[in-house]
Amino acid sequence: ESLSEHTCDTALLAHMLCLIARRYTGTPCRPKTVAVAALYHDAPEIITGDMPTPVKYHSPALRDAYKALETESVRSMAALLPAELAAELTPCMDGSVLTAEEHRLLKAADRLSALVKCLEEQRSGNHEFDAALAQQKTVLEAMHCPEADWFMAHCLPCYTQNLDELTRQDG
């Protein structure tokens, strides 16, 4: 999976979670703002590269060091832009454009994107993702994010269906 594919999936999922929030849970959020922030949420990885989540969060020292590296990456990328563009894009890249609720929804969307990737790999017969799938489900459940819970109950089952199953019309 490329960074672009993951980013697009996360943005779509973040937008959907915001719509779920507005329609079903009443969580205040700005779907378009969250979707744009999701498009930039992994921008620091352009410079840092991707670090696997288990490594990134292995210890407080590693987590803090990686967070500092991400911050420096955002600063370096912003420095390449004209000041007026940097001022608009930096809050998207560092997440400061988001409220706490919106950040939670984006984080859940990022996890859901990983969960969907694991489901796709598992469906293709790649059982190397079995443990990661279980871990992503556990982490998502532990987030206590009602919007992600709603998505998993009502939308996630579609990700395990093929085109014939998705388009079958009953009755």
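Modeller: Let's begin with C92, which is found in helix α6 (helices here are DSSP runs of H or I, at least four residues long, numbered from the N terminus). This is a predicted model, in which local features need pLDDT of at least 70 and side-chain atom pairs count only at pLDDT 80 or more, while totals for chains, interfaces and linings use all residues. Residues are numbered from 1 along each chain as its sequence is written, and side-chain values use heavy atoms, with hydrogens and water left out.

With a relative accessible area of 12%, C92 is buried (buried means under 20%, exposed over 50% and partly exposed in between, with a 1.4 Å probe and protein chains only). If we set aside residues up to four places away in sequence, C92 touches V36, A37, Y40 and V97 (a contact means heavy atoms within 4.5 Å). C92 also shows how the fold brings together parts of the chain: C92 and T33 are 59 residues apart along the chain, yet their C-alpha atoms are separated by 8.6 Å.

A37 counts as buried because its relative accessibility is 1%. Besides C92, A37 touches V97, L98 and L106, again not counting residues up to four places away in sequence.

Now step back to the two helices. Two packed helices are described by the angle between their axes and the distance between the axes. For α2 and α6 (residues 83–94), the angle is about 80° and the axes are 7 Å apart (axes are lines fitted to C-alpha atoms, for helices over the stretch in contact, with angles from 0 to 180 degrees between N-to-C directions). α2 and α6 are therefore roughly perpendicular (that is 65 to 115 degrees; under 35 is roughly parallel, over 145 roughly antiparallel, and the rest oblique). From α2 come V36, A37 and Y40, which meet L89, C92 and M93 of α6. Sorted by class, this α2–α6 contact has six nonpolar, no polar and no charged residues (Ala, Val, Leu, Ile, Met, Phe, Trp, Tyr, Cys and Pro count as nonpolar, Asp, Glu, Lys and Arg as charged, and the others, Gly among them, as polar).

Let's move on to α1. The axes of α1 (residues 3–25) and α7 (residues 100–123) come within 8 Å and cross at roughly 130°, which means α1 is oblique to α7. On the α1 side, H6, D9, T10, L13, A14, L17, C18 and A21 make the contact, and on the α7 side L105, L106, A108, A109, D110, L112 and S113 do. Here the classes are 10 nonpolar, three polar and two charged residues.

A108 lies in α7 and counts as buried because its relative accessibility is 0%. Leaving aside neighbours within four places in sequence, A108 is in contact with L17, L140, M143, C145 and A148.

α1 has another partner in α9. The axes of α1 and α9 come within 9 Å and cross at roughly 105°, so α1 is roughly perpendicular to α9. L13, M16, L17, I20, A21, Y24 and T25 in α1 meet P146, E147, A148, W150 and F151 in α9. This contact of α1 with α9 has 10 nonpolar, one polar and one charged residues. The cover over the buried residues of α1 includes α2, α7 and α9.

Finally, look at the core. In soluble globular proteins, nonpolar side chains tend to be buried together. Here the largest nonpolar core has 29 residues, of which L17, L112 and F151 touch the most other members (a nonpolar core is a set of buried Ala, Val, Leu, Ile, Met, Phe, Trp, Tyr and Cys residues joined through side-chain atoms within 4.5 Å). At least two core residues come from each of α1, α2 (31–40), α7, α8 (130–142) and α9 (146–154), and α7 gives the most, with nine. F151 touches L13, M16, L17, I20, L112, L156 and Y159, not counting residues up to four places away in sequence.
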